Number of protein chains: 2
Amino acid sequence: MKAKIIITPKKAVVDPQGITVKKALEHMGYSGVTGVHIGKYIEIDLAPGTDKAAAQKAIDDAAHKLLSNPIIEDYKLEIE
Amino acid sequence: MKAKIIITPKKAVVDPQGITVKKALEHMGYSGVTGVHIGKYIEIDLAPGTDKAAAQKAIDDAAHKLLSNPIIEDYKLEIE
């Protein structure tokens, strides 16, 4: 079982990495890009037989406390 | 229209960030974690009316040349 967490900067937060990549894409001739947002992707392998609901709760908690900064970042958790 | 790119280190590549997060999760009492892989997540906003097939091709190219390091990273591209 795997948990996938996508952490992105909140819309109101300046994302210098995203701005830089947007400019780089334009310079390289890729047109039609109106915005770039850069975040983190975390994949957690869970031991087989882990209870899905309990894992969801524990990882949501960990994502909030350890993996993301809830002041400036949003996260999305998916368990499959 | 949005392009979503997930960049992860290849399985054979040492992922010190992932190892650190795994240890931190164990120390915080989250058991059952057998592995953690940390990658990047890039969301690209495309101008409305962009041709999906052309965008797919251009962004795949950009992901290979600019956004990822194909020697040590894999990427997955999704356009929606």
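**A buried charge and its partner**

Author: At 9% relative accessibility, B:Glu43 counts as buried. Buried means under 20% relative accessible area, exposed means over 50%, and partly exposed lies in between (1.4 Å probe, protein chains only). This is a predicted model, in which local features need pLDDT of at least 70 and side-chain atom pairs count only at pLDDT 80 or more, while totals for chains, interfaces and linings use all residues. Residues are numbered from 1 along each chain as its sequence is written, chains are lettered from A and ligands numbered from 1 in the order in which they are written, and side-chain values use heavy atoms, with hydrogens and water left out.

Reader: Which side chain meets B:Glu43 in a salt bridge?

Author: Start with the general idea. Side chains of opposite charge can pair when their charged atoms come close. The rule for a salt bridge asks for a side-chain nitrogen of Lys or Arg within 4 Å of a carboxyl oxygen of Asp or Glu. Here B:Lys2 meets B:Glu43, at 3.4 Å from N to O. The two residues are 41 apart in the chain, with B:Lys2 in strand E1 and B:Glu43 in strand E2 of chain B. Strands (E, at least two residues) and helices (H or I, at least four) are DSSP runs, numbered from the N terminus. B:Lys2 is partly exposed, at 32% relative accessibility.

Reader: How many salt bridges are there over all chains?

Author: The count comes to 8. B:Lys22 pairs with B:Glu26, their closest N and O atoms 3.0 Å apart. They are 4 residues apart in helix H1, so about one helical turn separates them. B:Lys22 is partly exposed at 25%, and B:Glu26 is partly exposed at 40%. B:Asp61 pairs with B:Lys65 at 3.2 Å between the closest N and O atoms. Both lie in helix H2, again 4 residues or about one turn apart. B:Asp61 is partly exposed at 30%, whereas B:Lys65 is exposed at 56%.

**Strands side by side**

Reader: Now strands. Which strands of chain B pair with E1(B)?

Author: Two strands count as paired if DSSP finds at least two bridges between them. E1(B) pairs with E2(B) in the antiparallel sense, over 6 bridges. There, B:Lys2 stands opposite B:Asp45. E1(B) also runs antiparallel to E3(B), joined by 7 bridges. In that pairing, B:Ala3 faces B:Ile79.

Reader: Is E1(B) mostly covered or mostly open?

Author: E1(B) is mostly covered, with 7 of its 8 residues buried. Take B:Thr8, which lies in this strand. B:Thr8 has a relative accessible area of 19% and counts as buried. Contact means heavy atoms within 4.5 Å. Leaving out residues up to four places away in sequence, B:Thr8 touches B:Gly39, B:Ile72, B:Glu73, B:Asp74 and, from the other chain, A:Tyr41.

**Where the chains meet**

Reader: How many residues of each chain are in contact?

Author: 32 residues of chain B are in contact with 32 residues of chain A. The size of an interface is often given as the accessible area lost when the parts come together. Buried area is that loss (1.4 Å probe), summed over both parts. Between chain B and chain A it is about 2,600 Å², and carbon and sulfur atoms give 64%. B:Tyr30, B:Tyr41 and B:Asp45 supply 22% of the area that chain B buries here, more than any other three residues.

Reader: Which element gives the most to the side of chain B that touches chain A?

Author: E2(B) gives the most, with 14 residues. Strand E2 of chain A and E2(B) pair in the antiparallel sense over 13 bridges. One example is A:Tyr41, whose bridge partner in E2(B) is B:Gly39.

Definitions and conventions:
Buried area is the accessible area (1.4 Å probe) that two parts lose on being put together, summed over both.
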